[in-house]
Amino acid sequence: MKSLRLRLAVGIAVILAAVCANASGHLTVGGVQEGPGGEIEALTEGQFYIDGTASSARVFTFSNGTRFLYFIPMIHQAEPAFYEAVAGEVKRLKAQGSDLFYEFIDFEAATLADKRRIRAMYGLIPTPAFYAQNASDDFIGQDNAMFLGFPGGRDVNVDLSPAELADAYENLVGPLDISDENLTTPIEEFVMPAADVTQLTSVTIDQRNGHLARVINEAQSSVIVLYGAAHGAGTMKNLLALDPHWRREN
């Protein structure tokens with residue numbers, strides 16, 4: 001049973017981290033590939049795909065005429081060289097004065113009640129430690145610390161809190177069922193999720209895309225965005241709806 005639970009937990013983590021399709025482009029000055037061409041309206045989730053290898057690191061460059069947006073698709077488990085390439089690109093862009101907006105839901109800082117709500121949604125608490133412990137082959141877990149602190153603009157966590165994520169689900173579907181298993185099992189262990197899985201994408205992806213687009217729209221400076229690859233196309237379409245001046249720089 002314990003082995004089955006671990007396989008289920010890892011499987012769900014893979015699903016949460018997974019994104020689809022590959023592409024190629026020209027190299028930026030910093031050595032990271034520019035993502036495949038295409039106007040915002042035509043970009044697909046697949047074009048933002050990365051597989052965690054060093055060569056899959058890429059950046060999508062946009063402008064609204066007054067400032068730039070550099071969207072760097074991320075993945076929770078990757079080769080060390082992938083994260084090193086991303087860090088190099090962040091360092092280069094930060095030196096130009098761009099702010100860094102990064103994805104990070106701080107599950108470890110959540111209250112126990114909110115952790116149980118998150119576990120009711122996903123079956124587990126998807127912390128950086130979990131991804132690091134379950135990385136396979138030559139991959140490691142993403143550690144945001146290696147992207148922070150470079151000279152230039154600010155470093156800003158622009159993600160939802162665990163409470164906001166669980167609230168978004170409950171506002172959409174209704175109260176989460178906190179099972180007896182959830183109440184009695186140590187919080188770091190897997191339990192069977194109670195959420196409506198058909199609604200998780202709307203919360204985990206779509207609503208966070210809308211939130212991220214609003215934060216970018218309200219920014220005053222050029223920004224680098226480190227966010228999961230599955231958020232790229234949707235965020236940009238949300239942003240275009242807020243400000244139709246955004247265009248692809250490719």
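**Note on the predicted model**

1. Confidence. The pLDDT (the predictor's confidence in each residue, from 0 to 100) averages 90 over the protein, and 88% of the residues score at least 70. Over residues 17–29 the pLDDT is below 50, although this stretch has 38 contacts beyond near neighbours in sequence in the model; contact means heavy atoms within 4.5 Å. Where pLDDT is low, the predicted coordinates should not be read in detail.

2. Basis. This is a predicted model, in which local features need pLDDT of at least 70 and side-chain atom pairs count only at pLDDT 80 or more, while totals for chains, interfaces and linings use all residues. Residues are numbered from 1 along each chain as its sequence is written, and side-chain values use heavy atoms, with hydrogens and water left out.

3. Overall architecture. The secondary structure comes to eight helices and nine strands, taken as DSSP runs numbered from the N terminus (helices: H or I, at least four residues; strands: E, at least two). Of the contacts with a separation of 6 or more, 77% are between residues 24 or more positions apart. Buried residues make up 49% of the 250 residues, where buried means under 20% relative accessible area, exposed over 50%, and partly exposed in between (1.4 Å probe, protein chains only).

4. A nonpolar core is a set of buried Ala, Val, Leu, Ile, Met, Phe, Trp, Tyr and Cys residues joined through side-chain atoms within 4.5 Å. The largest has 43 residues, and those with the most contacts inside it include Phe62, Phe82 and Leu226. At least two residues each come from β2 (58–63), β3 (68–74), α2 (80–94), β5 (99–102), α7 (197–218), β8 (223–228) and α8 (232–242). The greatest contribution, six residues, is that of α2. Beyond four places in sequence, the contacts of Leu226 include Ile72, Val86, Leu100 and Phe147.

5. Second core. A separate core of 16 residues includes Ile118, Tyr122, Tyr169 and Leu200.

6. Helix α8. Gly232, Ala233, Thr235, Met236, Leu239 and Leu240 are the buried residues of α8. Viewed down the helix axis, the buried residues of α8 fall within an arc of 160 degrees, so they line one face of the helix; the arc is that of the directions from the helix axis to the C-beta atoms. These buried residues pack against β2, β3, α7, β8 and β9 (247–248).

7. Asp137. This residue lies in the loop between α4 (128–133) and β6 (140–141). Asp137 counts as exposed, at 76% relative accessibility.
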